[in-house]
Amino acid sequence: QVQLVESGGGLVQAGGSLRLSCAASGRTFSNTFVGWFRQAPGKERDFVAAISASGGSPYYVDSVKGRFTISRDNAKNTVYLQMNSLKPEDTAIYYCAAKYSSSYYYRSLLYNYWGQGTQVTVSS
């Protein structure tokens, strides 16, 4: 029902910024709850941020609060993750994911649709 494609990753110096985009196709995208997750080498896939279908109720992991902002534009079928003040520990592959329920937004296994991921590398 929903297909997702991430873009915007790249190499940036510590303290810099990147904006990730998650472009969606599917007629039910506007009804989905969308999350961003990241996976560093040798580590589990962890929750980063999530946003409700309407664009309200954003959620963030503590380590990115005040630095990252999640937003969505349903007219463009796109969700964004603005990342500022990047740190080397933010280095990971970033994935967007979608589901219809707003419950357990931090649990990756409960998301139904996933993008292919985009690499973010932050140098010191």
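In which kind of contact do the side chains of Arg 38 and Asp 90 meet? They meet in a salt bridge, at 2.9 Å from N to O, where the term stands for a side-chain nitrogen of Lys or Arg within 4 Å of a carboxyl oxygen of Asp or Glu. The model is predicted, so that local features need pLDDT of at least 70 and side-chain atom pairs count only at pLDDT 80 or more, while totals for chains, interfaces and linings use all residues. Residues are numbered from 1 along each chain as its sequence is written, and side-chain values use heavy atoms, with hydrogens and water left out.

**The linked salt bridges**
- The structure holds three salt bridges, and a network of them links Arg 38, Arg 67 and Asp 90.
- Asp 90 also meets Arg 67 through their side chains, at 2.8 Å from N to O, and this pair joins distant parts of the chain, with Asp 90 in the loop between β8 and β9 and Arg 67 in the loop between β6 (59-60) and β7 (68-73), 23 residues apart (strands are DSSP runs of E, at least two residues, numbered from the N terminus).

**Burial in the network**
- Asp 90 counts as buried because its relative accessibility is 1%, buried meaning under 20% relative accessible area, exposed over 50% and partly exposed in between, with a 1.4 Å probe and protein chains only.
- Arg 67 is buried as well, with a relative accessible area of 11%, and Arg 38 is likewise buried.

**The remaining pair**
- Asp 62 forms a salt bridge with Lys 65, their closest N and O atoms being 3.0 Å apart.
- Asp 62 counts as exposed at 62% relative accessibility, whereas Lys 65 counts as partly exposed at 49%.

Notes:
Helix = DSSP H or I, 4+ residues; strand = E, 2+ residues; numbered from the N terminus.
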